[in-house]
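Q: Please pick a single part of this model and look at it closely. Then show me how that part connects to its surroundings.

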Amino acid sequence: MSNNRTVLVTGAAGFIGSNFIYYWKEKYPDQALVILDALTYAGNKNNLQQLIDAKEIIFVHGSICDASLVKQVIVDNSIDTIIHFAAESHVDRSITGPDAFIETNIVGTHTLLRVAKECWLGENEVTNHHFHHVSTDEVYGTLAAGDAAFSETTPYAPNSPYAASKAASDHLVRAYHHTFRMRVTTSNCSNNYGPYQFPEKLIPLCMLNILAGRALPIYGDGLQIRDWLYVDDHNRGIDLVINQGRQGETYNIGGNNEWANIDVVKLLCKIVGEKFNADSTLATRFPDSPCAKRETAERLITYVTDRPGHDTRYAIDAGKIMGELGYNPVEVFESGLEKTVDWYLNNEDWWQSILDDSYQG
Ligand SMILES: NC(=O)c1ccc[n+]([C@@H]2O[C@H](COP(=O)([O-])OP(=O)(O)OC[C@H]3O[C@@H](n4cnc5c(N)ncnc54)[C@H](O)[C@@H]3O)[C@@H](O)[C@H]2O)c1
């Protein structure tokens, strides 16, 4: 594997992409990094502004569905590696408005693949090219309690428009390898948490609602189980797959860390309460939080009508990446969640600019 890549990262102004850029830049400081991001509601250029200002990365504002722009970015920067994060990623939005998911996740991924094939497998072949596709465990559908965790051979059975669109994109990546011999890898990861996550997802949504004294909405009975992984443990897995994974292969990434949604929210309430107890300035900053009055935030928990087609349980069998590539997550859930809480407490400007809608300038 080449250590001297010129990398295009799609969707790097989003949650995982932003964390990935900081991870990758620290690990491979000399590699050229170009970003292509459409800056949808989920994209926040401020996440990367310090690197853009320092000219450590090149930021291109545009869509992966725009074939001529994608071609220009690949050719002008002599891109040999694409790491593909860009997607519509929120299941609830895929239920109310699936079109954008079909467009970006399926058509956009195919546009990237088609243009990359033209650039890499045409007259002037780029022999060391690599396309890494970032995907989700949701393509496998749902598990009952006691079922074996998802492995790479679990049949695809997506249940939401989001999961179906990611499943389609996974199949396209696979097909470009088998049909055109494109050098590809795919990773399917479980639920991520950490800094820069948009406050529509469970953990940041509940975190900010605790601070504001607003309801903590829990779907159905709250017993849906997810397998949570700290975002940099995901990034470490992607790094291993790109640099040591076998061409054409898929690797599941997970932390063997299953939690019911209600228990995640209760743990979050406990950690935020402890932060208020340890730092009296928090009660002044967030007077509407029950934690400001030394009350438990659990009283904000409000059960709401379940999401249609809500998957019961996800669990990842990460045996392949652990056995073949020596992967091991390093973050423990309790400490990772505490780090995440600290990040949101220390970065109020970041989330306030999202809440007041000024973040996209
Ligand atoms: N968040 C998770 O828990 C999780 C878990 C497993 C896999 N994934 C996958 O990881 C990837 C990143 O997820 P995330 O949570 O960071 O998502 P996100 O919604 O936070 O960010 C998505 C980014 O993609 C950009 N984007 C959207 N449409 C685009 C387009 N047409 N062209 C260019 N850019 C576009 C957005 O502006 C945003 O910056 C996705 O592919 C997702 O399916 C996420």
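A: Helices here are DSSP runs (H or I) of at least four residues, strands are DSSP runs (E) of at least two, and both are numbered from the N terminus. The model is predicted. The part to look at is Leu-48, which sits in the loop between E2 and helix H2 (49–53).

Is Leu-48 buried or exposed? The cut-off for buried is 20 or more other C-beta atoms within 10 Å. Leu-48 has 25 of them within that distance, so Leu-48 is buried.

Now its contacts. Leaving aside residues up to four places away in sequence, Leu-48 touches Ala-12, Ala-13, Ser-18, Ile-21, Ile-35, Ile-57 and Phe-59. Take Ala-12 as one of them. Ala-12 and Leu-48 are 36 residues apart along the chain, yet their C-alpha atoms are separated by 8.4 Å.

Next, the strand on one side of the loop. E2 covers residues 32–37. Five of its six residues are buried, and E2 is mostly covered. E2 pairs with E1 through five bridges, and the two run parallel. Leu-8 faces Val-34 of E2 across that pairing. E2 also pairs with E3, again in parallel, through four bridges. Here Val-34 stands opposite Ile-58 in E3. In general, strands of a sheet pair through backbone hydrogen bonds, either parallel or antiparallel.

E1, H1 and E2 form a right-handed β-α-β unit. H1 spans residues 15–27.

Step back to the sheet. Seven strands make an open sheet in the order E3-E2-E1-E4-E5-E6-E11, paired in parallel. Strand E3 (58–61) and strand E11 (250–253) are the edge strands, each pairing on one side only. On average, neighbouring strands of this sheet are turned by 20° against each other, direction ignored. At the E11 end, strand E6 (184–189) pairs with E11 in the parallel sense over four bridges. There Ser-187 stands opposite Tyr-251 in E11. Helix H5 lies across strand E1 (6–10), strand E4 (81–84) and E5, and runs at about 175° to E4.

The ligand is surrounded by 31 residues, and the closest are Gly-11, Gly-14, Ala-42, Gly-43 and Ala-87. Helix H1, strand E2, helix H5 (99–120) and strand E5 (130–136) each give two or more residues to this shell. H1 gives the largest share, three residues. By class, the shell holds 15 nonpolar, 13 polar and three charged residues.

To sum up, Leu-48 is a buried residue in the loop between E2 and H2. The strand E2 pairs with E1 and with E3, and E2 also contributes to the ligand shell.

Key
Residues numbered from 1 in each chain as written. Predicted model: local features only at pLDDT ≥ 70, side-chain atom pairs only at ≥ 80, totals over all residues. Near = placed C-beta within 6 Å. Nonpolar A, V, L, I, M, F, W, Y, C, P; charged D, E, K, R; others polar. Pairing = 2+ DSSP bridges. Axes fitted to C-alpha atoms, helices over the stretch in contact; angles between N-to-C directions. Contact = placed C-beta atoms within 7 Å. Buried ≥ 20, exposed ≤ 12 C-beta atoms within 10 Å, placed from the backbone. Right-handed = clockwise from strand over helix to strand, strands pointing away.
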